[in-house]
Amino acid sequence: MEKKRILIAEDNAINQKVALLLLQKYEQTIDIADNGRIAVEKFLSHEYDLVLMDLHMPELDGFEATLKIREIEEKENREKKVKIFAMTASSISDESERCYQVGMNGYLTKPFKPEEVMNALS
């Protein structure tokens, strides 16, 4: 698999470390954002193949951050849209529907399996 750049937007340090350890074995380039505002800032300065977006974060939650990223892509007429997958411990169906409504491509329930992330990249 070719090297991809992944952004993990997650405010919990333990969840960050778990996601990082799971994905490091695939030798991908991984950045971490501690909240939704930082995720949007990182998106502005790097080109990502995938964003793993926690839904419940301070400053900007995952829904708001996704909307901002999609607005930026639209404003800049980007042909290639970044894949954004929600990461949440919740399995509430209303929440998954909202993920798609704001422009996310998929939904991963924590703890996710590395194969699920690799499938998201392909």
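Helices and strands are taken here as DSSP runs, of at least four residues for helices (H or I) and at least two for strands (E), numbered from the N terminus. With that naming, Asn 77 is found in the loop between α3 and β4. The model is a predicted one, and the values below are computed from it.

**Overall layout**

The protein chain comes to five helices and five strands, and along the sequence these follow the pattern β-α-β-α-β-α-β-α-β-α. Its radius of gyration is 13 Å, close to the 14 Å that the globule rule gives for 122 residues, so the chain is as compact as a globular protein of that length. Along the principal axes, the C-alpha atoms fill a box of roughly 35 × 35 × 25 Å. Buried residues account for 48% of the 122 residues, and the chain exposes about 6700 Å², of which carbon and sulfur atoms supply 48%. Of the contacts between residues at least 6 apart in sequence, 62% join residues at least 24 apart.

**The sheet and the helices on it**

The five strands form an open sheet in the order β2-β1-β3-β4-β5, with parallel pairing. The strands β2 (29-33) and β5 (106-109) stand at its edges, and because each has a single partner strand, one side of each is left without a neighbour in the sheet. From one strand to the next, the twist averages 20 degrees. Within the sheet, β1 and β3 run parallel and are joined by four bridges, and Ile 8 has Leu 52, in β3, as its bridge partner.

Helix α1 (residues 13-24) packs on this sheet, where it touches β1, β2 and β3, and its direction makes about 170 degrees with that of β2. Helix α2 lies across β1 and β2, and runs at about 140 degrees to β2.

**The nonpolar cores**

The largest nonpolar core has 23 residues, and those with the most contacts inside it are Met 53 and Met 104. The elements that give two or more residues to this core are β1 (5-9), α2 (36-45), β3 (50-54), α3 (62-75) and β4 (83-88), with α3 giving the most, namely four residues. Leaving out residues up to four places away in sequence, Met 104 touches Met 53, Leu 55, Gly 62, Phe 63, Thr 66, Ile 84, Ala 86 and Cys 99. Apart from this core lies another, of 15 residues, which includes Ile 6, Phe 85, Phe 112 and Leu 121.

**Individual residues**

Glu 59 has its place in the loop between β3 and α3. Both count as exposed, because exposed means over 50% relative accessible area and Glu 59 has 53%, while Asn 77 has 62%.

How values were computed
Residues are numbered from 1 along each chain as its sequence is written. This is a predicted model: local features need pLDDT of at least 70, side-chain atom pairs count only at pLDDT 80 or more; totals for chains, interfaces and linings use all residues. Side-chain values use heavy atoms; hydrogens and water are left out. A nonpolar core is a set of buried Ala, Val, Leu, Ile, Met, Phe, Trp, Tyr and Cys residues joined through side-chain atoms within 4.5 Å. Buried means under 20% relative accessible area, exposed over 50%, partly exposed in between (1.4 Å probe, protein chains only). Contact means heavy atoms within 4.5 Å. Two strands pair if DSSP finds at least two bridges between them. Axes are lines fitted to C-alpha atoms, for helices over the stretch in contact, and angles run from 0 to 180 degrees between N-to-C directions. The radius of gyration is taken over C-alpha atoms; the globule rule is 2.2 Å times the number of residues to the power 0.38. Accessible areas come from the Shrake-Rupley method with a 1.4 Å probe; for residues, only the protein chains shown count as cover.
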